[in-house]
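Please keep the sequence and the coordinates at hand while reading.

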Protein chains: 2
Amino acid sequence: MTILGHHYIGDKRSAQGNLLYSVDAVTGERHPVSFHEATEAEVAAAAQAAHQAFPAFRASSPAERAALLEAIAEEIDALGDAFIAAASRETALPAARLEGERKRTSNQMRMFAATVRRGDYLDARIDRAQPERKPLPRPDLRQYRIGVGPVAIFGASNFPIAFSVAGGDTASALAAGCPVVVKAHPGHMVTSEYVADAIERAIARSGAPAGVFNMIYGTAATGAALVWASQIKAVGFTGSLAAGRALFDMAQARPEPIPVFAEMSSVNPVFLLPSALTDRGTQIARELAASVTVGCGQLCTNPGLVLGIRSPTFDAFLAEFGTALAQAEPQAMLGTGIHDNFRRGLASLRAIPGIEALAAVEADGRIGGHLLKAERDLLFAQDRSLEEEVFGPSTVVVALDSVSDFLAFAEQMRGQLTATLLASETDLQRNARLVELLETKVGRLLFNGYPTGVEVSDAIVHGGPYPATTDARGTSVGSAAIERFLRPVCYQNYPNVSLPPALRDANPWNLTRLVDGVSTRDAVPGKRALEAAA
Amino acid sequence: MTILGHHYIGDKRSAQGNLLYSVDAVTGERHPVSFHEATEAEVAAAAQAAHQAFPAFRASSPAERAALLEAIAEEIDALGDAFIAAASRETALPAARLEGERKRTSNQMRMFAATVRRGDYLDARIDRAQPERKPLPRPDLRQYRIGVGPVAIFGASNFPIAFSVAGGDTASALAAGCPVVVKAHPGHMVTSEYVADAIERAIARSGAPAGVFNMIYGTAATGAALVWASQIKAVGFTGSLAAGRALFDMAQARPEPIPVFAEMSSVNPVFLLPSALTDRGTQIARELAASVTVGCGQLCTNPGLVLGIRSPTFDAFLAEFGTALAQAEPQAMLGTGIHDNFRRGLASLRAIPGIEALAAVEADGRIGGHLLKAERDLLFAQDRSLEEEVFGPSTVVVALDSVSDFLAFAEQMRGQLTATLLASETDLQRNARLVELLETKVGRLLFNGYPTGVEVSDAIVHGGPYPATTDARGTSVGSAAIERFLRPVCYQNYPNVSLPPALRDANPWNLTRLVDGVSTRDAVPGKRALEAAA
């Protein structure tokens with residue numbers, strides 16, 4: 001495939017701005033093809049292309065929209081070894097991991113196709129007219145949900161396929177009937193172009209309007225211009241707290257504020273109950289070390305804070321955990337920026353009195369497992385430094401005085417994507433108050449598992465209260481992610497023929513609908529049927 | 001009943017701050033009992049009381065929560081003539097209207113009780129474990145939705161019962177399992193105290209924790225302190241664009257930003273298609289005038305902009321419309337502040353060259369129908385003055401050149417709660433593009449009806465894109481209003497006994513759940529049942 005480095009604006013390509021380069025994640029060497037920073041005019045044109053595609057796209061049937069998502073899935077599956085090699089060069093991620101990610105990405109598209117076909121996301125509701133009601137007649141009211149409009153999407157650095165150009169944000173926005181403008185992550189522009197081409201082929205094949213998908217290259221300023229574009233009606237983002245909050249603040253300061261779903265920062269605390277360590281401390285040390293170091297720790301759900309109760313068993317666990325972390329194979333990080341940030345994050349932690357480094361493996365610029373131990377009181381310190389995410393294969397362990405410290409921490413804990421309890425079933429029942437507190441602070445609660453490895457399914461939640469995300473009411477993984485990009489619209493006294501198909505009496509899309517308060521797939525008896533029956 | 005003028009903070013009353021007074025809406029005369037402006041400490045105490053009630057309240061079963069809502073409904077129905085007289089004195093609204101509003105309010109509570117019992121708002125989802133799946137096993141994942149936490153609620157001036165202390169925001173927050181802190185509207189503090197007492201009696205009767213409902217009196221600064229309180233996790237508001245946007249901006253600038261559902265500003269455009277005027281111009285003139293003047297025009301859905309096509313038929317309609325408006329009985333407005341704002345709003349419109357006053361009825365400080373006519377070009381002027389809401393019984397009529405002007409306006413129109421088409425069914429089919437544009441700009445589309453008179457039901461939408469509201473994804477009327485205060489939480493590999501009832505295998509709440517992608521009310525076969533079957 002020829003990489004052009006030009007923006008995707010409707011069915012056109014454009015490239016007018018300053019040059020940008022893709023670099024080798026390990027060597028820093030430049031890729032021969034240059035990319036372009038989108039100009040203000042190009043950003044505006046991309047937003048406008050999405051805006052123009054919206055009416056036709058949102059009018060598409062579930063079958064048509066599902067077909068587009070499935071065509072994208074097929075095109076992504078067909079991206080071959082050159083694609084994997086390019087992604088590996090840009091991110092230092094191993095080919096096997098990227099191949100898995102490609103499959104995750106295409107399966108995610110298929111899951112949203114199934115969601116669209118199921119149709120429950122439309123939440124169709126019909127309250128039939130009651131012309132005889134006293135004191136006033138009730139009009140005929142019908143509600144369903146439509147896409148909010150064009151969505152700006154910022155891909156993540158750490159999943160160059162599954163959380164990027166064709167990732168969960170794009171898939172859920174398209175499923176909701178919203179055209180997208182993707183700002184390609186500067187860390188993997190070649191990878192992004194491969195995927196954008198795949199989507200373009202799928203669009204051509206399925207007959208969707210070209211402006212359904214747009215992609216621009218650029219810097220933080222490009223992203224800001226995109227969020228500011230009046231045609232953009234929502235934002236999906238995965239990345240750092242600083243960048244996410246900045247985009248959020250900009251979006252809220254617009255003349256017309258728009259929702260921002262930014263998945264940002266989490267230390268994913270792990271609560272080690274004493275019984276679990278007694279029963280299987282060695283196994284936990286090994287498994288937890290694997291969770292900390294998988295993907296070189298560059299996962300949103302990386303367990304960055306491990307809490308136990310001071311005891312000889314805990315000391316033994318700690319020693320084994322340190323050993324397991326030290327044995328993990330060092331890996332190159334996603335890029336030099338992330339590498340530098342990781343070292344800076346570690347250095348600030350180490351500079352805090354009461355924090356001690358127990359394991360710290362590095363070799364030839366590759367990073368292995370890092371273990372830090374913090375004194376109990378630091379967990380409760382005003383500045384919450386133990387809850388600052390350090391993006392990489394490190395974790396901080398704290399030995400607490402008692403289970404009531406778990407409660408005290410949970411009470412003050414910041415919002416997190418996940419919290420994990422390693423415990424017995426009896427522990428779980430005895431610590432109902434802890435679970436209850438954690439529920440109000442996280443999106444996903446795990447029992448005897450590890451937070452990394454986020455399933456793509458109907459029941460998953462990848463979200464949580466701030467600063468895990470900017471809006472706890474959303475998830476960025478799983479079929480419920482579609483909810484973020486929908487809004488209700490109601491038709492009052494509309495003639496049946498002019499209603500959208502989802503709300504017509506005959507129920508042509510075979511949806512489960514709430515009709516006069518009862519959930520049913522039945523057609524609504526039309527006026528004529530009612531008159532005939534009378 | 002004795003009015004105390006003290007804040008409701010959990011099961012305590014408190015009154016430390018500056019004095020405030022309830023005044024007669026017509027005479028400006030002070031009510032003998034003084035109220036208090038909540039101090040910073042009292043605001044904090046109210047937010048804390050709500051926070052403390054959250055764990056027990058959100059753990060309540062649908063039956064318990066529905067019983068509370070129904071108890072509130074009964075207590076509101078039992079509020080007698082003294083209550084109606086107090087509300088009428090504070091708002092100048094006639095007793096008959098307030099009696100209707102009381103019924104609307106109690107029925108709204110009952111609708112949310114039915115919603116809670118139905119349970120579909122929980123959106124329970126179960127993905128069963130697939131231990132044999134390759135390359136990785138799938139964990140057991142279960143998701144449902146819980147309340148976001150304590151909600152701050154700002155009642156509206158114009159519905160002292162139905163959009164106030166026990167209004168739709170309170171009802172939907174309680175239904176979602178969220179305790180509330182209501183900031184009583186300074187325009188109807190006696191009315192608010194009656195309703196707060198009714199809620200307090202209902203809470204005592206139904207055994208819910210006292211902190212589920214809190215209410216404070218105060219000024220704009222009190223409201224700001226409430227939105228800033230860290231325990232508050234969402235805001236419901238109905239009122240002006242200026243006040244709503246100010247609260248929104250504050251909430252987004254918090255260290256932890258929170259969602260704000262502010263219903264603010266709408267001119268609810270009415271599109272008069274020529275055929276409708278030909279068929280029944282006289283009837284439309286009469287009915288539309290009634291919609292403009294009902295409740296002295298103090299309704300969010302007041303039709304403030306009427307668009308037709310220049311013609312002799314339209315001129316005839318305009319004359320009849322002016323006559324009908326002039327014949328409407330003048331009424332006192334909700335208070336002197338609103339009265340003054342109305343006059344100021346009218347004066348700014350009249351000061352615009354190209355706007356002409358055709359009817360303007362006032363008598364003894366009471367306001368009747370006001371009709372203004374604006375030149376076509378003003379509709380497309382940069383400053384959008386014709387889309388500025390003037391809160392009261394006035395409307396602006398514009399004669400356009402052709403139906404294509406409708407399209408041009410719809411393309412640039414701001415967000416609105418409603419848009420109305422008075423047309424034939426053929427017109428509707430011929431103007432599909434107009435409907436399509438309007439769908440992206442409003443929450444509710446009416447065909448041959450009038451936007452005032454918002455039904456409380458499952459299918460209603462009272463919301464819309466900015467500036468109609470701050471979040472187009474919400475409705476503040478109807479059972480879907482509960483969605484605003486919910487967020488998803490997921491349990492991974494939890495033992496069945498420790499799961500919330502909604503997600504247990506046995507389905508004790510008899511919910512419709514999405515199990516492995518299929519909607520069902522069946523129990524999930526437990527591990528033992530599966531083993532026995534094997």
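Predicted model: local features only at pLDDT ≥ 70, side-chain atom pairs only at ≥ 80, totals over all residues.

## Overall build of chain A

Chain A contains 15 helices and 21 strands. Its radius of gyration is 25 Å, close to the 24 Å that the globule rule gives for 534 residues, so chain A is as compact as a globular protein of that length. Taken along the principal axes, the box filled by the C-alpha atoms of chain A is roughly 80 × 60 × 40 Å.

Of the 534 residues in chain A, 58% are buried. Among the contacts in chain A with a separation of 6 or more, 75% are made by residues 24 or more positions apart.

## Two domains

The domain assignment divides chain A into domain 1, which comprises 10-264 + 479-483, and domain 2, which comprises 270-447. The centres of domain 1 and domain 2 of chain A, taken over C-alpha atoms, are separated by 33 Å.

Where the domains of chain A meet, 10 residues of domain 1 are in contact with 10 residues of domain 2. On the side of domain 1 of chain A that touches domain 2, the residues divide by class into 3 nonpolar, 5 polar and 2 charged.

## Packing of helix 7 against helix 8

Two packed helices are described by the angle between their axes and the distance between the axes. In chain A, the axes of helix 7 (residues 220-228) and helix 8 (residues 241-253) come within 9 Å and cross at roughly 30°, and the crossing of helix 7 of chain A with helix 8 of chain A is right-handed.

Helix 7 of chain A brings Gly223(A), Ala224(A), Val227(A) and Trp228(A) to this contact, and these meet Leu247(A), Met250(A) and Ala251(A) of helix 8 of chain A. By class, the residues of the contact between the two helices of chain A are 6 nonpolar and 1 polar, with no charged residue.

## The contact between chains A and B

Chain A and chain B each give 62 residues to their contact. On the side of chain A, the elements that give two or more residues are strand 5 (125-127), strand 6 (141-147), helix 8, helix 13 (425-430), helix 14 (432-439), strand 18 (442-447) and strand 19 (486-492). Strand 19 of chain A gives the most to this side, with 7 residues.

The side of chain A that touches chain B is made up, by class, of 29 nonpolar, 18 polar and 15 charged residues.

## Two residues in their surroundings

Is Ser230(A), in its loop, buried or partly exposed? Ser230(A) lies in the loop between helix 7 and strand 10 (234-238) of chain A, and it counts as partly exposed because it has 13 C-beta neighbours inside 10 Å. The C-alpha atom of Ser230(A) is separated by 23 Å from that of Ala481(A), which is 251 residues apart from it along the chain.

Glu90(B) is found in helix 3 (residues 81-91) of chain B. Glu90(B) has 25 other C-beta atoms within 10 Å and is therefore buried. When its neighbours within four places in sequence are left aside, Glu90(B) is in contact with Ser22(B), Ala25(B), Pro160(B), Gly187(B), His188(B), Val190(B) and Thr191(B). The C-alpha atoms of Glu90(B) and Gly335(B) are separated by 7.8 Å, although these residues are 245 residues apart along the chain.

Terms used
Residues numbered from 1 in each chain as written. Chains lettered and ligands numbered in written order. Axes fitted to C-alpha atoms, helices over the stretch in contact; angles between N-to-C directions. Helix = DSSP H or I, 4+ residues; strand = E, 2+ residues; numbered from the N terminus. Left-handed = near helix turned anticlockwise from the far one by under 90°. Contact = placed C-beta atoms within 7 Å. Nonpolar A, V, L, I, M, F, W, Y, C, P; charged D, E, K, R; others polar. Domains from an automatic or database assignment. Rg over C-alpha atoms; globule rule 2.2 N^0.38 Å. Buried ≥ 20, exposed ≤ 12 C-beta atoms within 10 Å, placed from the backbone.
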